[in-house]
Amino acid sequence: MSDKYIEDNVLLTVLKTLGKIILFLLFIALFFVLGLFIGYSIIGDGNYWEVLNQDTWQHILDFIR
């Protein structure tokens, strides 16, 4: 009976850890997109939705090359 409790406890710990990692990655993605919106619209004086446009990124990549 104690083996089942230990297995459940380990599974719960693993799921909590995976949940924290996924939540952390989602927050990073959210703050990255918010940073893009703020940087493009305030600093760049553009429409904030244009930062998600593929042509905008293609222009940036062409500029770097």
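**View 1. Phe27 counts as partly exposed, because its relative accessibility is 41%.** Here buried means under 20% relative accessible area, exposed over 50%, and partly exposed in between (1.4 Å probe, protein chains only). The model is predicted: local features need pLDDT of at least 70, side-chain atom pairs count only at pLDDT 80 or more, and totals for chains, interfaces and linings use all residues. Residues are numbered from 1 along each chain as its sequence is written, and side-chain values use heavy atoms, with hydrogens and water left out.

**View 2. Phe27 and Phe31 share helix 1 (residues 2–43).** Four residues separate them, about one turn of the helix. Helices are DSSP runs (H or I, at least four residues), numbered from the N terminus. Phe31 has 54% relative accessibility and so counts as exposed.

**View 3. The structure holds two aromatic pairs.** The Phe27 and Phe31 rings are stacked, because their centres lie 6.2 Å apart and their planes meet at 20°. Rings of Phe, Tyr and Trp (its six-membered ring) pair if their centres lie within 6.5 Å; planes under 30 degrees apart count as stacked, over 60 as edge-to-face and the rest as tilted.

**View 4. Phe37 and Trp49 form an edge-to-face aromatic pair.** Centre to centre, the rings are 5.4 Å apart, with 65° between the planes. The pair links distant parts of the chain, twelve residues apart: Phe37 sits in helix 1, Trp49 in the loop between helix 1 and helix 2 (54–64). Phe37 counts as buried, at 16% relative accessibility.

**View 5. Thr56 lies in helix 2.** Thr56 counts as buried, at 14% relative accessibility. Leaving out residues up to four places away in sequence, Thr56 touches Tyr40 and Glu50 (contact means heavy atoms within 4.5 Å).

Note on methods
Helix = DSSP H or I, 4+ residues; strand = E, 2+ residues; numbered from the N terminus.
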